[in-house]
Amino acid sequence: MQDEPTPIELIKAVADFLRNEITPEIKGHHAFKLRVGINALDLVTRQLALQQDSDAAELARLKTLLGADGSLAELNRALAEKIAGGEADLQTPGLAEHLWQTTLAKLAVDQPNYGSYKREVGK
Amino acid sequence: MEARLGRCVAAWCAGATGVVDAVRLSGGASQETWSFDIVHPDGNIGAILRRAPQGYGAAPARAAGLNAEATLMQLAYDAGVPSPRVLHVLQPADELGTGFVMARVEGETIPRKILRDAEFAAARPKLARQLGGVLAGIHGLDMTKLPELRGMTAAKEIAELERDYRSFEWPRPVFELALRWLREHDPGPPPETTLVHGDFRHGNLIIGPDGLRAVLDWELAHLGDPMEDLGWVCTNSWRFGEIDKPVGGFGSREELFAGYAAAGRRVDPDRVKFWEVMGSLRWGVMCGGMMQRFRSGPDHSMERAMIGRRSSETEIDLLRLLAPRSG
C-alpha cells in the first residue's frame with residue numbers, strides 16, 4: 001500500500017498552483033499551452049476519480065449484452081465487430097442505452113463542459 | 001526570412017522597398033504560414049505567405065496542393081466570393097519553396113470571440129444566411145476553370161474514414177454504428193457535382209464586425225456533393241457550446257439554406273443531414289489521428305494529446321443524431 005497523499009490530491013495541488021499562481025504571470029503562446037496543460041491535469045484527476053466505477057459498470061453491461069466474459073478491451077472489440085457485421089444495431093435490446101451510458105461516462109472525464117454533454121446529463 | 005521575402009516581393013510589387021515584421025503564424029513541418037508587411041511608398045501592404053519549404057514537396061494525400069489553392073482562391077476572388085487576393089505564386093527563383101503570397105485580410109477567426117464578443121454582435125444574426133450565399137458562390141464556380149482536384153463521393157469518404165479508424169486499432173462501438181448508418185443512408189451521386197471547399201468552418205473564415213470577410217484554407221478542396229460543405233459547417237464540433245444554433249453556433253439551418261437558395265442553388269436537407277453525420281465521424285477520426293501522431297510522430301505536444309481526448313465529443317454528437325433520447 002502506497003502512502004498518502006493520493007495521486008488525485010497531488011495532481012490537484014499542482015494544477016491549482018499552476019492555475020492560481022503561474023497563469024497570471026504568463027502571456028502569449030505559453031499562456032495557451034499552460035491552459036492546455038492544466039486542462040490535461042484536471043482530466044487526469046477526473047479519470048482517477050471516476051474510472052474504476054464507470055469501467056466496472058461498462059464491463060457488467062457488456063457481459064449482459066454479449067452474453068460473454070472477457071476484459072473491457074476484448075468485449076468492446078467484440079461489440080464493435082458485431083455492430084460492423086450487422087449482428088447488433090439500435091434495435092438490439094440494451095444496446096442504445098449501453099452506448100449512451102458508456103459515452104456519458106467518457107465525457108464526464110474528457111470534457112464535462114461540452115454543450116451536448118451538459119444537455120444530456122440534464123435529461 | 002525578411003531578406004528573402006524582400007527579394008521575392010521586389011520582383012512583382014512595383015515600388016516595394018522591402019519587407020518588415022515577418023512572423024511565423026502556424027503550421028507543421030511540411031507547411032508554413034507567415035505574416036509580413038511589404039514596405040511601399042503608398043503605405044505598407046499586409047501580406048500572408050503560405051508555403052511548403054524546399055524538401056517538403058509531398059503533400060498529404062487529401063491535400064489539393066498549394067498551387068491549386070492559389071488558383072482556387074483567385075477564382076473565388078474574381079467571382080466575388082470573399083477571399084484574399086493572391087499577390088504572387090512562388091517561382092523557383094524566389095528560393096522560398098512552393099506556395100503563394102496573398103493579401104492579409106484583417107478580422108477574427110477565433111470562434112469564442114466571434115460567438116461572444118460585443119464587436120461581432122451585429123454580424124452574428126446575419127452570418128448563417130451570408131455563409132449560405134457564399135457557399136452557393138463557391139459551388140457555382142466555373143468547373144472548366146478549376147485546377148486538377150480529387151473527385152470524392154460519399155462512398156469513398158466512408159471508406160477512407162473507416163480505413164483511418166481501423167488503423168488506430170482502438171474499438172469504438174459508436175463509430176461502428178455511424179459507419180453502418182452512413183453506408184445504409186448513402187444518398188449516391190449528387191444530381192450535380194461541383195467544387196467543394198472541404199473545410200468550410202470556424203477557423204477558416206475571417207469574420208469582421210460587418211460579417212464574413214474571407215474564406216481561407218482551400219487545402220481540402222475537391223469535386224463532389226455540394227451538400228457536403230453545408231453539412232460540415234453544421235457539424236456540432238463547430239458550434240462551440242451554442243448547440244441550438246447549428247451553423248457555427250451563430251445561426252439556423254433555415255437561414256443558411258435561405259441564403260443558399262436566394263443565390264439560385266437548390267438545398268437537399270436530407271443530404272445535408274447525411275454529411276453532418278459524416279462530419280461528426282470525420283472530426284472524431286481526425287482527433288484519433290492527432291492522438292496517433294502524438295504517440296508516434298515528432299510532434300509530441302500536449303495539444304495533440306488532448307485533441308485525442310476530443311473524439312468522445314463526436315461520439316455523443318453521433319448518438320444525439322442517430323439514437324436521440326427523449327426528455
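**Ground rules.** I number residues from 1 along each chain as its sequence is written, with chains lettered from A and ligands numbered from 1 in the order in which they are written. In this predicted model, local features need pLDDT of at least 70 and side-chain atom pairs count only at pLDDT 80 or more, while totals for chains, interfaces and linings use all residues.

**Domains of chain B.** I looked up the assignment and found domain 1 (2-103) and domain 2 (111-322); such bounds come from an automatic or database domain assignment. Their C-alpha centres lie 26 Å apart. Domain 1 of chain B puts 17 residues into the contact and domain 2 of chain B puts in 16 (contact: C-beta atoms, placed from the backbone, within 7 Å).

**Chain B against chain A.** I found 27 residues from chain B and 30 residues from chain A in this contact. On the chain B side, α6 (173-185), α10 (302-308) and α11 (311-322) each supply at least two residues (helices are DSSP runs of H or I, at least four residues, numbered from the N terminus). The largest share, seven residues, comes from α11(B).

**Core.** I then checked the largest nonpolar core, which has 88 residues (buried Ala, Val, Leu, Ile, Met, Phe, Trp, Tyr and Cys joined through C-beta atoms within 7 Å; buried means 20 or more other C-beta atoms within 10 Å of a residue's own, placed from the backbone). B:Leu131, B:Leu135, B:Ala178, B:Val215, B:Leu230 and B:Val233 touch the most other members. Both domains of chain B give residues to this core, so it lies between them. I followed B:Val215: its contacts include B:Ala76, B:Val81, B:Pro82, B:His197 and B:Phe200, not counting residues up to four places away in sequence.

Terms used: Two residues are in contact if their C-beta atoms, placed from the backbone, lie within 7 Å. A residue is buried if 20 or more other C-beta atoms lie within 10 Å of its own, exposed if 12 or fewer, and partly exposed in between; C-beta atoms are placed from the backbone.
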